[in-house]
Amino acid sequence: MKLAIAALLAGSAAAFAPNAANQGTVSLNAMPDRLWDTMVDKTERSASLPWLPRPINLDGSYVGDVGFDPFYLSSIPKNFAGFLQPPQWEETEGISTLYFMREAELKHSRVAMLAWFGWVATDGGFGFPLRFPGEIYSVESIPTAYEAHNVLVDQGSMGFLLLAVGFIEFCSSAVLVEVSKGESDREAGDFGLGPLAFLKDKSKEEQDRMKMREIANGRLAMLAFGAVSTQTALGDAYHGFPYF
């Protein structure tokens, strides 16, 4: 009698216990696909970071692509057309992550090259201070480039500059809308601005060489401008050229 009762209790408990084999199969099948697997090429290594797999979008198709993307930002699946206009306005093909990032890199590179030159020229790094005419821009009013921002904000010039840059950004975004709609095959960063016609009648190899020089100098300029603006902010003794 006791054996029968024990068997009955054991059977009842087993009915409520999960099936170990089924549980393992269900959890395995429920595992979602890893986003990481779509962001890297596991068969290749990054050219600049050989201990990391190559970011999937950095395949060498862009001039200056050396595979440097330790955070794999270029591999994030994102349609950047939404930054230009709300997606509900109209259906578009979209703008890929790599295209948008190259556009941003070239724009920041060009601004940084101008900014570094302007900062150093303002402080007389090339032999004499290079300033706009007018008392407000003189060395007496603005001793160094470090003080220029606050002085010109109070004076109003920086407000005008902000409006001018905003207007240019608004106008230049129109071509990106065309790209997102598939109406333009424009290369990232190409605004058709070449008054000196450096690339006119040049072979593809020569054009790529010039583009490589631009992107390499632009990357260096971004580092240089960040360095000079940081160095001058370390103390009053570092405001003027040569900043140390």
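I call a residue buried under 20% relative accessible area, exposed over 50%, and partly exposed in between (1.4 Å probe, protein chains only). The model is predicted, so I note that local features need pLDDT of at least 70, side-chain atom pairs count only at pLDDT 80 or more, and totals for chains, interfaces and linings use all residues. Residues are numbered from 1 along each chain as its sequence is written, and side-chain values use heavy atoms, with hydrogens and water left out.

I looked up salt bridges (a side-chain nitrogen of Lys or Arg within 4 Å of a carboxyl oxygen of Asp or Glu), and the structure holds 11. One of them joins Arg 54 to Glu 44, with the closest N and O atoms 3.1 Å apart. Arg 54 is in strand E2 and Glu 44 in strand E1, so the pair ties together parts 10 residues apart in sequence. Strands (E, at least two residues) and helices (H or I, at least four) are DSSP runs numbered from the N terminus. Arg 54 is buried at 11% relative accessible area, whereas Glu 44 is partly exposed at 38%. Asp 41 is linked with Glu 44 and Arg 54 in a salt-bridge network.

Entry on helices. I found a salt bridge between Glu 105 and Arg 102 (3.3 Å, N to O). The two are three residues apart in helix H4, which means about one helical turn. Arg 102 is buried, at 11%.

I also found Glu 169 paired with Lys 107 in a salt bridge (3.0 Å, N to O). Glu 169 lies in helix H6 and Lys 107 in helix H4, so this pair ties together parts 62 residues apart in sequence.
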